[in-house]
Amino acid sequence: MSDPAGPRSPEFGELGRSRISIVRGEGAHLVDATGRRYVDLGATHGVGNLGASPPTVVAAVREQAGQLLHLGSGYANPVRTEFLERLLGLLPPRFSKVFLSNSGTEAVEAAIKIARSATGRPKVVAARRGFHGRTLGALSATWRRELREPFEPLVPEFVHVAYNDPAAFDGVVDERTALVLLEPVQGEGGVHVGSSEFLRAARAACDRTGALLGFDEVQTGLGRTGRRFAFEHSGVVPDLLTLAKSLAGGLPIGATVTTAEVEARFRGSHHSTFGGNPLVCAAGLAALETLVRERLAERAASLGEAAGPRLASLPPETVREVRGLGLMWGVELRDRAAPVLAALEARGYLAISAGSTVVRLLPPLVISESDWAGGLAALAEAVGGG
Ligand SMILES: Cc1ncc(COP(=O)(O)O)c(C=O)c1O
């Protein structure tokens with residue numbers, strides 16, 4: 001068998017570099033080709049909030065697959081309607097419109113297009129360290145230079161302000177601004193929790209100038225931070241909300257949620273062939289029902305709270321700072337994250353990085369208390385504090 005990470009790997013670019021080949025998953029466990037079991041502390045990149053192959057989602061997919069896989073969005077479909085109504089039912093009443101696509105970056109593209117069209121303005125204000133995806137519009141809102149530079153020129157009229165500085169919007173958000181796009185907690189940028197003051201200042205700047213406020217909750221949404229949506233922590237409600245990752249329990253999906261008032265101002269068209277197909281909507285409906293029934297946001301809050309002191313006691317000789325909320329944590333090291341990730345992997349725990357020096361923990365919200373405690377203990381050992 002060829003080495004999946006070797007020179008003959010068919011994977012393009014940096015994908016598929018790990019030497020582990022995962023073949024099966026169960027809850028927070030992932031199993032490799034040799035039968036070795038790992039605990040997922042982030043290997044599913046925040047998609048597996050309900051764990052790997054959650055039984056309720058698998059059952060819904062099986063049933064829907066036998067009925068109808070695909071339907072153009074021009075036709076009504078009861079599963080899609082039910083899914084959208086269920087999603088909107090979890091959100092404040094001002095949200096009543098959803099555009100469905102297939103990924104986080106597409107959800108962001110739709111938000112940018114909707115904001116530009118609805119306001120008739122060109123400018124988008126995003127944040128330093130922000131990450132919004134890799135298609136050209138979403139990439140223009142993304143901050144990291146090395147992700148952007150090879151593809152320049154990007155879309156014009158995107159500017160970036162300091163994250164968590166409430167004064168950063170002054171003089172930047174103006175009558176030419178269509179959209180202020182922020183992650184309530186920055187994920188890829190190293191796990192930085194947005195302060196309520198900062199998010200309130202963004203809302204005020206938008207209200208003052210007529211710009212729309214967009215929260216990118218692709219990573220933070222659906223229970224991850226201990227609330228169903230991270231914006232609930234601050235109480236600041238946006239005009240546009242992007243979701244993806246765990247929304248359909250593991251199947252590809254993106255959603256851009258907005259208000260009827262914004263939709264009424266939208267000119268032009270936007271569309272996706274696969275977006276909102278019945279299979280994904282059946283999965284999404286089952287995933288939302290499971291999230292609510294199993295009180296997974298509450299579970300993330302309590303597991304996260306218990307982890308806080310544990311993570312805060314990691315040794316300052318190797319750990320510069322620990323930041324997080326719910327089951328979304330970033331452990332910023334004084335040195336590179338790669339050796340710590342390798343040490344975790346050797347102990348049976350799969351975590352990921354955010355940038356070169358941050359170990360990021362995004363476990364499934366269904367992780368058992370003992371697996372979570374084991375992961376934290378393994379991390380403490382790996383950074384030299386166990
Ligand atoms: C906040 C945020 N927005 C957008 C994206 C892009 O999502 P996708 O990889 O599904 O296109 C990500 C992916 O990590 C993300 O974290």
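The axes of helix H11 (residues 338–346) and H12 cross at roughly 130° and come within 9 Å. Here axes are lines fitted to C-alpha atoms, for helices over the stretch in contact, and angles run from 0 to 180 degrees between N-to-C directions. Helices (H or I, at least four residues) and strands (E, at least two) are DSSP runs, numbered from the N terminus.

This is a predicted model, in which local features need pLDDT of at least 70 and side-chain atom pairs count only at pLDDT 80 or more, while totals for chains, interfaces and linings use all residues. Residues are numbered from 1 along each chain as its sequence is written, and side-chain values use heavy atoms, with hydrogens and water left out.

H11 passes H12 in a right-handed crossing; a crossing is right-handed if the near helix is turned clockwise from the far one by less than a right angle, and left-handed if anticlockwise. On the H11 side, Val 340, Ala 343 and Leu 344 meet Gly 375, Ala 378, Leu 379 and Ala 382 of H12, where contact means heavy atoms within 4.5 Å. By class, this contact of H11 with H12 has 6 nonpolar, 1 polar and no charged residues. Ala, Val, Leu, Ile, Met, Phe, Trp, Tyr, Cys and Pro count as nonpolar, Asp, Glu, Lys and Arg as charged, and the others, Gly among them, as polar.

H12 (residues 369–382) also packs with helix H10 (residues 296–312), at an angle of about 25° and with the axes 11 Å apart. That makes H10 roughly parallel to H12. The H10 residues in this contact are Arg 299, Leu 303, Ala 307, Arg 310 and Leu 311, and H12 contributes Glu 369, Trp 372, Ala 373, Leu 376, Ala 377 and Leu 379. The contact of H10 with H12 has 8 nonpolar, no polar and 3 charged residues.

Elsewhere, the axes of helix H1 (residues 55–65) and helix H9 (residues 278–293) come within 8 Å and cross at roughly 155°. H1 is therefore roughly antiparallel to H9. H1 passes H9 in a right-handed crossing.

The next topic is the ligand. Residues around the ligand (a heavy atom within 4 Å) include Ser 103, Gly 104, Phe 131, His 132, Glu 183 and Gln 219.

| Residue | Protein atom | Ligand atom | Distance |
|---|---|---|---|
| Thr 105 | polar backbone atom | oxygen | 2.8 Å |
| Asp 216 | polar side-chain atom | nitrogen | 2.7 Å |
| Lys 245 | side-chain N or O atom | oxygen | 3.1 Å |

Two backbone features remain. The peptide bond from Glu 152 to Pro 153 is cis, with omega near 5°. Pro 153 sits in the loop between helix H5 (145–148) and strand E6 (158–161). Ser 53, a residue other than glycine, has a positive phi, near 40°. Ser 53 belongs to the loop between strand E3 (37–40) and H1.

Technical notes:
Parallel < 35°, antiparallel > 145°, perpendicular 65-115°, else oblique. Polar contact = N/O pair within 3.5 Å; in protein donor to acceptor, adjacent residues only side chain to side chain.
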